[in-house]
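Let's take a friendly look at how two protein chains meet. Have the sequence and the 3D view ready as you read.

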Amino acid sequence: MAAQVALADVTIGQELLPLTVTLTRLDLVKYAGASGDFNVIHWNERSATQVGLPNVIAHGMLTMAGAVRVVTNWVGDPAAVVDYSVRMTRPVVVPDTDEGVEVTYSGKVGAINDDGTVRIDLSAVFDGQTVLGAAKAIVRLA
Amino acid sequence: MGMNRDMVGYSYPPSRPYFVSAEKIREFADAIGETNPVYTDVAVAQSFGHTTVCAPPTFPIVVTMAAMQEAFHDPALNMDFTRVVHGDQRFEYSRPIQVGDELVVTTVVEDIRALGNNDVATFRTEVTSHGEPVVTGWSKLIVRGDE
């Protein structure tokens, strides 16, 4: 694999370029189809509210997919990501609107390891709150 | 009654092979809002030293979630799948998933424990292609108990 970032160029605390993603109901439909996760709470408002949710919510895995884009945009080669883990702490609520809702992803270098890898600590914010916890990617650099 | 703790350590039979296609990778990348050509353009993938197009990092969920459905609906596990919330997810990669892979998933019930009124079940999903390791996933599912 060939990362486009060299280990020597990285410093702890360095911030990666953030990314804001807009999600509409259509995006949830496309993700349901692409992932095979047809859980009704991700497209059906009646079902979502029946189980106590405020409205339809995005798949947690869709948020997980968004956050790691900060890392792959930075490192170039997706194969450089050797480990990726998140906790899904809060839902991203997606009402039926044309403009959708925004999730902002950001990341910074949390640690530089002895084996040529770095840890990127990621955050995902929706409506002023974090929706992912302990989100981290281990990246092997050039 | 909760989930059946006797199932901890149980390994489900391997899933049927999933054939990874360029079009499915393209569809998945588009669905997550990705425009990075590394997932659709062979020349870009090759410039990073790959033989063919790779899938985005969370793509394994396509096969691991499907494989875990057998466990979710297994009466022996006693999991109320209508109350399941996805809590944690981790992937440890041997290599990225690529076009041409034939992915087989083995699901193992790694842990079941109580968290207040809820059960938390950890499933380990080992993904191979032609017998070689590709990625291992760990999914923590929370089964909401009665309030």
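## A salt bridge between the chains

Start with A:Arg69 and B:Glu34, whose side chains form a salt bridge, with 3.8 Å from N to O. Keep in mind that you are looking at a predicted model. How many salt bridges does the rule find across the interface of chain A and chain B? The count is four.

Polar contacts also link the two sides: 13 residue pairs, both residues at pLDDT 80 or more, are in polar contact across the interface of chain A and chain B. On the side of chain A that touches chain B, the elements giving two or more residues are α1 (25–35), α3 (60–75) and β2 (81–88). Sorted by class, that side of chain A has 17 nonpolar, seven polar and seven charged residues.

The size of an interface is often given as the accessible area lost when the parts come together. Here, about 2,500 Å² is buried between chain A and chain B, and carbon and sulfur atoms give 56% of that area. Which residues of chain A lose the most area to chain B? They are A:Ala34, A:Met61 and A:Arg69, together accounting for 20% of what that side buries.

The contact itself draws 31 residues from chain A and 28 residues from chain B.

## Strands side by side

Now find strand β2 of chain A and strand β2 (residues 84–93) of chain B. These two run antiparallel, and five bridges join them. To see one facing pair, look for A:Tyr84, which stands opposite B:Phe91 in β2 of chain B.

Note on methods
Residues numbered from 1 in each chain as written. Chains lettered and ligands numbered in written order. Predicted model: local features only at pLDDT ≥ 70, side-chain atom pairs only at ≥ 80, totals over all residues. Heavy atoms only, no water. Contact = heavy atoms within 4.5 Å. Buried area = accessible area lost by both parts, 1.4 Å probe. Polar contact = N/O pair within 3.5 Å; in protein donor to acceptor, adjacent residues only side chain to side chain. Helix = DSSP H or I, 4+ residues; strand = E, 2+ residues; numbered from the N terminus. Nonpolar A, V, L, I, M, F, W, Y, C, P; charged D, E, K, R; others polar. Pairing = 2+ DSSP bridges.
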